[in-house]
Amino acid sequence: MIIPVRCFSCGRVIASDYVRFKDKMDKIRAENKREPTPEEISTTLDQLGVTRYCCRRMIISQADLLQEILPFD
Ligand SMILES: [Zn+2]
């Protein structure tokens with residue numbers, strides 16, 4: 001669905017980091033025509049300053065389903 005604004009566990013604001021994370025992953029997919037490697041994902045999260053694993057799981061496990069669900073409202 002929609003990314004939560006704050007991490008459920010620690011309360012850190014993660015929504016703005018998710019947008020930057022997604023942009024970076026889309027850029028890697030477009031340039032290299034493959035999925036990002038776990039090392040690239042980890043490095044990107046480190047660069048964004050997302051160090052706690054509670055915040056990292058919020059960003060990594062996010063599934064954007066809003067556009068698929070909208071027709072059934
Ligand atoms: Zn957190």
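Helices α2 and α3 (residues 53–60) pack at an angle of about 120°, with their axes 11 Å apart. Axes are lines fitted to C-alpha atoms, for helices over the stretch in contact, and angles run from 0 to 180 degrees between N-to-C directions. α2 is therefore oblique to α3 (angles under 35 degrees count as roughly parallel, over 145 as roughly antiparallel, 65 to 115 as roughly perpendicular and the rest as oblique). The contact (heavy atoms within 4.5 Å) joins Ile41, Ser42, Leu45 and Asp46 of α2 to Arg56, Ile59 and Ile60 of α3. Its residues divide into 4 nonpolar, 1 polar and 2 charged. Here Ala, Val, Leu, Ile, Met, Phe, Trp, Tyr, Cys and Pro count as nonpolar, Asp, Glu, Lys and Arg as charged, and the others, Gly among them, as polar.

The model is predicted: local features need pLDDT of at least 70, side-chain atom pairs count only at pLDDT 80 or more, and totals for chains, interfaces and linings use all residues. Residues are numbered from 1 along each chain as its sequence is written, and side-chain values use heavy atoms, with hydrogens and water left out.

The protein chain has 4 helices and 0 strands. Helices (H or I, at least four residues) and strands (E, at least two) are DSSP runs, numbered from the N terminus. The C-alpha trace spans about 40 × 35 × 15 Å along its principal axes.

Helix α1 (residues 15–32) packs on α2 (residues 38–48) at about 145°, with the axes 10 Å apart. On the α1 side, the contact involves Asp17, Arg20, Phe21, Lys24, Met25 and Ile28. These meet Glu40, Ile41, Thr44, Leu45, Gln47 and Leu48 in α2. The residues of this contact comprise 6 nonpolar, 2 polar and 4 charged.

Cysteine 7 lies in the segment before α1 and cysteine 55 in α3, so the pair ties together parts 48 residues apart in sequence.
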